[in-house]
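Thanks for coming. I will take one structure and walk through a few of its helices, rings and loops. Please have the sequence and the model open.

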Amino acid sequence: DKEKLNRITLCISSQVGCPVNCTFCVTGKLGFKRNLTWDEMISQVLYANNYIKKKFGKQEDGSLYSVRNIVFMGMGEPLLNYDNVKKAIEIMLRQEAGLSLSRRHITISTAGIIPWIKQLVKDGIPVKLAISLHAPNQELRDRLMPIAKAYPLDELDKAISEYVRATDNRIFYEYIMIKDITDKPELAKQLADFLKKKLAHVNLIPYNTNPAIDYVESDNASIQKFKKILED
């Protein structure tokens with residue numbers, strides 16, 4: 001459908017492997033190999049645009065279909081490769097000899113690296129921010145995401161508030177739904193309390209069951225119950 005073709009989103013990687021090692025993530029089991037260069041990030045977009053051009057051809061006005069939205073949410077933690085990510089974004093935003101993307105259509109997803117969230121504000125990088133939250137309290141976040149011990153939830157919350165004040169951007173909060181671990185009704189209430197009066201959008205992500213990790217995907221009824229508590 002043409003409307004979907006006009007809204008293509010590409011998820012790109014910023015590292016080979018990942019040093020953050022979240023317990024639910026298979027990439028973390030690879031360990032960290034290296035940072036990608038800015039041109040390797042841009043190459044992912046160029047490759048996708050070339051594929052789209054070959055597959056779908058031209059629009060009615062003669063222009064080519066292409067990637068409209070970029071999310072730094074592939075392999076790796078983007079803010080731990082800050083300089084290359086920053087350079088890649090600068091090229092994506094260029095109108096001449098760049099990719100001519102809108103700042104509203106680029107999102108950085110982070111596990112919550114506080115110093116570099118603050119650096120985004122200092123450098124005035126005008127893109128959207130997604131936070132891999134996955135737990136509404138420090139204890140559970142520590143269990144799921146070792147990085148949370150270095151960057152506690154209350155300090156992360158303050159850094160996010162600084163970012164929102166500086167940009168007026170809505171924050172995307174990613175929350176993984178793992179059976180009997182993150183999908184309990186009391187956690188939905190905690191999450192609602194944590195996000196109350198915040199400029200926030202919650203994305204509930206069903207866990208993809210994998211034999212390498214001893215977690216199970218939440219059932220649909222649990223996800224819907226969790227969602228309703230948030231909405232209420």
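What covers the buried residues of α4? The model is a predicted one, and in it the cover includes β1, α3, β4, β5 (106–110) and α5 (114–123). The residues being covered are Tyr82, Val85, Ala88, Ile89, Ile91 and Met92, which are the buried ones in α4. As for the helix itself, α4 has 12 residues and runs 16 Å from its first C-alpha to its last, close to the 16 Å expected at 1.5 Å a residue.

Now to α3, which is part of that cover. Helix α3 spans residues 38–56, 19 residues in total, and reaches 27 Å between its first and last C-alpha atoms, close to the 27 Å expected at 1.5 Å a residue. Its buried residues are Met41, Ile42, Val45, Ala48, Asn49 and Ile52. They cover an arc of only 120 degrees around the axis, so they lie on the same side of α3. What do they pack against? The partners are β1 (9–12), β4 (69–72) and α4 (82–93). On the face turned away from this buried side, α3 carries the exposed residues Tyr47, Lys54 and Lys55. After the helix comes Gly57, with a positive phi near 70 degrees.

One more item links these two regions by residue number. The charged end of Lys87 sits over the ring of Trp38, at 5.4 Å from the ring centre.

Next, the aromatic rings. How many aromatic pairs does a search of the whole structure find? The search finds 4, and I will show two of them.

Take Tyr173 and Phe194. Their ring centres are 6.4 Å apart and their planes stand at 85 degrees, so this pair is edge-to-face. Tyr173 belongs to strand β7 (residues 171–177) and Phe194 to helix α9 (residues 185–195), so the pair ties together parts 21 residues apart in sequence. Tyr173 has 2% relative accessibility and therefore counts as buried. Phe194, at 15%, also counts as buried, the limit being under 20%. The pair of Tyr175 and Phe226 is tilted, with 5.1 Å centre to centre and 35 degrees between the planes. Here the link is between strand β7, which holds Tyr175, and helix α10 (residues 220–231), which holds Phe226, 51 residues apart. Both Tyr175 and Phe226 are buried.

Back to Phe194 for a moment. The charged end of Lys198 sits over the Phe194 ring, 4.8 Å from its centre.

Where is His134? His134 is in the loop between β6 (128–132) and α6 (138–144). Its relative accessibility is 5%, so it counts as buried. Leaving aside neighbours within four places in sequence, His134 contacts Phe24, Leu144, Met145, Glu174, Tyr175, Ile176 and Thr182. With Ile176 there is a polar contact in particular: a polar atom of the His134 side chain lies 3.0 Å from the backbone nitrogen of Ile176.

From His134, go to Thr209. The two are 75 residues apart in sequence and 16 Å apart in space, C-alpha to C-alpha. Thr209 is in the loop between β8 (200–206) and α10. Setting aside neighbours within four places, its contacts are Tyr215, Val216 and Glu217. A polar atom of the Thr209 side chain lies 3.3 Å from the backbone nitrogen of Glu217.

Another loop residue is Cys18, between β2 (15–17) and α2 (26–30). Is Cys18 buried or exposed? Its relative accessible area is 11%, so Cys18 is buried. Beyond neighbours within four places in sequence, Cys18 is in contact with Thr27, Gly28, Gly31, Phe32, Gly76 and Glu77. Its C-alpha is separated by 9.5 Å from that of Leu80, 62 residues away along the chain.

Last, two backbone details. Ser100 is not a glycine, yet its phi is positive, about 55 degrees. Ser100 is in the loop between α4 and β5, and at 38% relative accessibility it counts as partly exposed. Asp168, also a residue other than glycine, has a positive phi near 60 degrees. Asp168 is in the loop between α8 (153–167) and β7, and with a relative accessible area of 62% it is exposed.

That is what I have. Questions are welcome.

Technical notes: Residues numbered from 1 in each chain as written. Predicted model: local features only at pLDDT ≥ 70, side-chain atom pairs only at ≥ 80, totals over all residues. Heavy atoms only, no water. Helix = DSSP H or I, 4+ residues; strand = E, 2+ residues; numbered from the N terminus. Expected span 1.5 Å × (residues − 1). Buried < 20%, exposed > 50% of the residue type's maximum accessible area, 1.4 Å probe, protein only. Arc of directions from axis to C-beta. Contact = heavy atoms within 4.5 Å. Phe/Tyr/Trp six-rings, centres within 6.5 Å; stacked < 30°, edge-to-face > 60°. Lys NZ or Arg CZ within 6 Å of the ring centre and 35° of its normal. Polar contact = N/O pair within 3.5 Å; in protein donor to acceptor, adjacent residues only side chain to side chain.
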